[in-house]
Amino acid sequence: MTLRETVNNAHSHWMDADGPESEIIISSRVRVARNLAGIPFPHLLNKENSEKVIHAVRLAISNKEASELLGGLELSSLGELSPLERQILVDKHLISPDLLNDFQRKAVVLREDEVVSIMVNEEDHLRIQCILPGLQLKEAWDVVNRVDDGLEKTLDYAFSEKVGYLTSCPTNVGTGMRASVMIHLPGLKLAKQLAGVLNAINKLGLTVRGLYGEGTEALGDLFQISNQITLGQSEEEIINNLISIARQILAQEQAARRNLYKDRREVIEDRVFRAFGALKYARILSSEEAMRLFSDLRLGVEMKIISGIPVRLLNELMVKIRPAFITKMAGRELTPYQRDIFRAGLIRREFANLPV
Ligand SMILES: Nc1ncnc2c1ncn2[C@@H]1O[C@H](COP(=O)(O)OP(=O)(O)OP(=O)(O)O)[C@@H](O)[C@H]1O
């Protein structure tokens, strides 16, 4: 997929819902932070140095010797894209909201299948990330590791024998790695156990974030759980630790769902079918309400209370209903109220084709 196709299409591989445990774990992400030796960190970059970084990355991704490791990457300056296109990349989780600040000095590298993206001049010179569907942290780390090795054939990274990779924020020094899972926890919320579980996760040295990462809200009962520590542990240890905690949360969510179904079956079924009815027939929907309804419906699909609704469609709709994609589809700026009407129509059309 070219960048143009990427911004015209809401779908991305991580939405496929075909990975292990993907009924509760939507996606796994691994990213590493890297910086180039001898060039100031991005927050101190002037125009000349930021272009130097972008140029160095451009050369590195076209190194023929590394092509097998890199697997076909394309670089675009963020300035080449329209504000809407930049926002769609954020909505698809291919770049972070932070990359939009001072975007003239930044670039993005995408692999054709959108599984790999590299942010250039975000908080660090390079943030190399891989997102896969379901619980696939080891696999995502393998992909990132290969791309990192490929880039290192050309780039000279800032590295210290004593501490590891040097990064602009001390919280990333060492491995420079953040691994995360995006997990759907409506059962724990309905059972009023969510706060306790999230607290315990924090005590285990992990961070819980909202749908778009740092500083964002947890819409649709979706949470991102990631490691806090990057120093003093190997990449494998970080990944294994997160996998083991993700599995424990998964087991708790499954237990909460089983108990809810046993004790309050009608309440759960009512919630699921109300969500379906509202999504299929509503005339006005805010994105927040739509996300809440998707969460209830997703729960119903995953608990086999309702069939005929592909989870992949719900994942894709999370991007399609965002203001940027709606504006793109409408072909003009809409007021928030007009967007709510457009959103409801869009969901109605998608649901009209389902065999339910
Ligand atoms: N498991 C995941 N699946 C899909 N997208 C994810 C996942 N984890 C994080 N993301 C996305 O990655 C982007 C960055 O997330 P976040 O801000 O948490 O981390 P970061 O920028 O890598 O780390 P730091 O805050 O240390 O700079 C956000 O757009 C977020 O939605």
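Which residues in helix 8 meet which residues in helix 9? Hold that while you set up the view. This is a predicted model, where local features need pLDDT of at least 70, side-chain atom pairs count only at pLDDT 80 or more, and totals for chains, interfaces and linings use all residues. Residues are numbered from 1 along each chain as its sequence is written, and side-chain values use heavy atoms, with hydrogens and water left out.

**Stop 1: helices 8 and 9**

Select residues 235-263 for helix 8 and 265-281 for helix 9. Helices are DSSP runs (H or I, at least four residues), numbered from the N terminus. The two axes lie 5 Å apart, at an angle of about 105°. Axes are lines fitted to C-alpha atoms, for helices over the stretch in contact, and angles run from 0 to 180 degrees between N-to-C directions. Helix 8 and helix 9 are therefore roughly perpendicular (65 to 115 degrees).

Now show side chains. Leu-260, Tyr-261 and Asp-263 of helix 8 meet Arg-265, Ile-268 and Glu-269 of helix 9; contact means heavy atoms within 4.5 Å. By class, this contact has three nonpolar, no polar and three charged residues. Nonpolar covers Ala, Val, Leu, Ile, Met, Phe, Trp, Tyr, Cys and Pro; charged covers Asp, Glu, Lys and Arg; the others, Gly among them, are polar.

**Stop 2: the two domains**

Colour domain 1 (3-183) and domain 2 (265-351) separately; the bounds come from an automatic or database domain assignment. Their centres, taken over C-alpha atoms, are 30 Å apart. Domain 1 gives 15 residues to the contact and domain 2 gives 13. About 1,400 Å² is buried between them, 69% of it from carbon and sulfur atoms. Buried area is the accessible area (1.4 Å probe) lost by two parts on being put together, summed over both.

**Stop 3: helices 4 and 12**

Select 83-91 (helix 4) and 323-330 (helix 12). Their axes come within 8 Å and cross at roughly 135°. Leu-84, Gln-87, Ile-88 and Asp-91 in helix 4 meet Ala-324, Phe-325, Thr-327 and Lys-328 in helix 12. That contact counts four nonpolar, two polar and two charged residues.

**Stop 4: helices 10 and 13**

Go to helix 10 (287-302) and helix 13 (336-352). The axes come within 11 Å and cross at roughly 25°. That makes helix 10 roughly parallel to helix 13 (under 35 degrees). On helix 10, pick Ser-287, Ala-290, Phe-294 and Leu-297; they meet Arg-343, Ile-347 and Phe-351 on helix 13. Five nonpolar, one polar and one charged residues make up this contact.

Terms used. Helices (H or I, at least four residues) and strands (E, at least two) are DSSP runs, numbered from the N terminus. Angles under 35 degrees count as roughly parallel, over 145 as roughly antiparallel, 65 to 115 as roughly perpendicular and the rest as oblique.
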